[in-house]
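Open the model in your viewer and keep the selection tool ready.

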Amino acid sequence: MIETQTRRRRPAAAEAGAARPRTKPSEVRRRELLDAGEALVLKKGIAGTSIDDIVAAADVAKGTFYLYFAGKEALVEALRERFSERFSARIAAAQAKLDPADWSGRLAAWLEGGVHGYLDQVELHDVLFHTPDFLPRQRRVDGHMEPVRGLVELLRDGAAAGAWAVDDPEMTAVLLFYAFHGGVDHAIADGRTDDAAGLVDELQAFVRRALGLG
């Protein structure tokens with residue numbers, strides 16, 4: 001009788017075991033690998049971080065790493081893309097509070113979101129983008145292009161609406177982006193990052209003059 005009961009219970013136990021997921025969703029696993037890689041490059045630098053370090057920190061087999069990334073450089077490129085996405089998200093959040101037709105306000109919000117998006121990730125930015133292998137081969141700095149594209153669209157749409165006059169939105173956006181980038185870097189070098197609001201005001205005044213808005 002006991003043996004019969006045991007046999008009857010086994011299918012239920014087997015079903016319970018089968019119901020437990022054996023692997024994490026791919027997007028979760030990829031994010032965990034990126035998180036592990038990000039933490040390690042912040043601590044050890046890109047050159048000092050190995051794939052073995054990353055898989056150990058993420059607690060996965062080395063073969064799992066290669067399901068998501070062709071190698072360490074592919075993971076680093078993904079980290080650069082994620083930096084750019086976070087940067088753009090800060091800008092989008094600042095602009096979302098405004099009327100879409102408030103062109104001047106949206107431009108100011110781009111700068112405000114950009115300053116905070118940069119300062120919040122400045123250590124990661126320097127690790128990912130200030131590397132000997134990156135700038136010489138990528139003169140356009142691909143990791144920054146998503147925010148620049150957003151600025152191009154803002155300048156183009158604002159010009160079409162008569163908010164300002166811009167003959168070449170792409171070149172203007174590139175120039176303004178690097179002016180913004182240089183301004184924030186200058187503030188970082190001078191130790192003035194505790195006054196982000198003042199930095200935003202300076203940059204906004206510069207951009208308004210550059211666009212002939214007074």
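## Stop one: T193

Select T193: with a relative accessibility of 37%, it counts as partly exposed (between buried, under 20% relative accessible area, and exposed, over 50%; 1.4 Å probe, protein chains only). This is a predicted model: local features need pLDDT of at least 70, side-chain atom pairs count only at pLDDT 80 or more, and totals for chains, interfaces and linings use all residues. Residues are numbered from 1 along each chain as its sequence is written, and side-chain values use heavy atoms, with hydrogens and water left out.

T193 sits in the loop between α9 (169–189) and α10 (196–210). Helices are DSSP runs (H or I, at least four residues), numbered from the N terminus. Which residues does T193 touch, not counting those up to four places away in sequence? Show L119, A187 and I188. Contact means heavy atoms within 4.5 Å.

## Stop two: α3

Go to helix α3 (residues 51–58). Its mean pLDDT, 97, is the highest among the elements of the protein chain. pLDDT is the predictor's confidence in each residue, from 0 to 100.

Select I51, I54, V55 and A58: they are buried. They lie on the same side of α3, because they cover an arc of only 90° around the axis (taken from the directions from the helix axis to the C-beta atoms). The buried residues of α3 pack against α2 (26–44), α4 (62–68) and α5 (72–95). On the face turned away from that side, find the exposed A56 and A57. Just after α3, D59 takes a positive phi of about 60°.

How values were computed:
Helix = DSSP H or I, 4+ residues; strand = E, 2+ residues; numbered from the N terminus.
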